[in-house]
Amino acid sequence: MKEEVKTIQSVQRAIDIINCVGDAGRKISLKEISSKLDLNINTTRGLAQTLLANGFLSRDVEQGTYTLGYEFLTKSKLVYQLQIQRIRDIAHPRMEQISEKYNVSSWLQISFYRDIYTVETLEAPKTSYSYTPKSGASLPLHASASGKLRIAYMPENEREKVLNTIYLEQLTTQTITDRKEFENVIKQVYSQGYATEFEEIDMGISSIAVPIFDTRGALSGTLSIAAPSVKLNRVFSNILVDLKRAGMYITDGISSHRRI
């Protein structure tokens, strides 16, 4: 059961600014940040100046625009060493077992804020073709199995906000674009404890994902497989059982490590 976490408004707003600047993918003005987050311009300026003073934002003085600051570079190596690498070490043997047993690609993805990032992939060992995302790539939340899990296990207020604003881009003829239908799918994902994606990103390719939780019961990441749809339909029930077991094993491994 995921824990509802109480947030401090000023801290959350600062985090929202960081994410807004990061998601922009370009230099962005204070006015744009204020508009996108529906924040008062003076509030936005004060928070931005605080983030700037601490190195989490960088400002182009001539243009008056912002980008993420260099402080993130100094922290990223530590995050990798203490968080991502540890989860990879726990997950890798189980990923190997599943990929070899079913001859499918397996993926480990980590949850950050509203995104899912791929940090480890194992290709199907006995096939001429394989389907894997680029390492570090962020998957579309609405069309990927892991993305659906990310939304399903958000705190309720955050989940409702995402469901009301998410852009349901049609990537294939199978992509869910109806908002009500998508909301029902997310409810189902939460109740059943896993998510699927049948040709919603690329035709002919489907996937299953199961959650990985941290010690608070919040979503830490996902373990998923991708395979040709015909193959996945043949082994769906069996591979789902093995995926769920592997997800529980990784979750237990994370908890055990933190108790040491």
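Met-203 sits in the loop that links strand E6 (195-198) to strand E7 (205-213); helices (H or I, at least four residues) and strands (E, at least two) are DSSP runs, numbered from the N terminus. The model is predicted, so local features need pLDDT of at least 70 and side-chain atom pairs count only at pLDDT 80 or more, while totals for chains, interfaces and linings use all residues. Residues are numbered from 1 along each chain as its sequence is written, and side-chain values use heavy atoms, with hydrogens and water left out.

Beyond its neighbours within four places in sequence, Met-203 is in contact with Thr-172, Thr-173 and Gln-174, where contact means heavy atoms within 4.5 Å. Thr-173 is 30 residues away along the chain, and its C-alpha atom is 8.4 Å from that of Met-203.

Two strands pair if DSSP finds at least two bridges between them. E1 and strand E3 (residues 65-68) are joined in the antiparallel sense over 2 bridges, and Ser-29 has Thr-65 in E3 as its bridge partner.

Ile-15 belongs to H1 (residues 9-24). Together with Ile-8 and Val-11, Ile-15 forms a nonpolar surface patch with about 260 Å² of accessible area in total. Patches are made of residues with over 30% relative accessible area and no salt bridge, like charges being joined within 9 Å and nonpolar side chains (Val, Leu, Ile, Met, Phe, Trp, Tyr) within 5 Å. A salt bridge is a side-chain nitrogen of Lys or Arg within 4 Å of a carboxyl oxygen of Asp or Glu. Areas come from the Shrake-Rupley method with a 1.4 Å probe, and for residues only the protein chains shown count as cover.

Asp-38, in the loop between helix H2 (30-37) and helix H3 (41-53), has a positive phi of about 55 degrees although it is not a glycine. Asn-103, between helix H4 (71-102) and strand E4 (105-112), likewise has a positive phi of about 55 degrees without being a glycine.

Buried means under 20% relative accessible area, exposed over 50%, and partly exposed in between (1.4 Å probe, protein chains only).

| Residue | Relative accessible area | Class |
|---|---|---|
| Met-203 | 49% | partly exposed |
| Ile-15 | 35% | partly exposed |
| Asp-38 | 71% | exposed |
| Asn-103 | 17% | buried |
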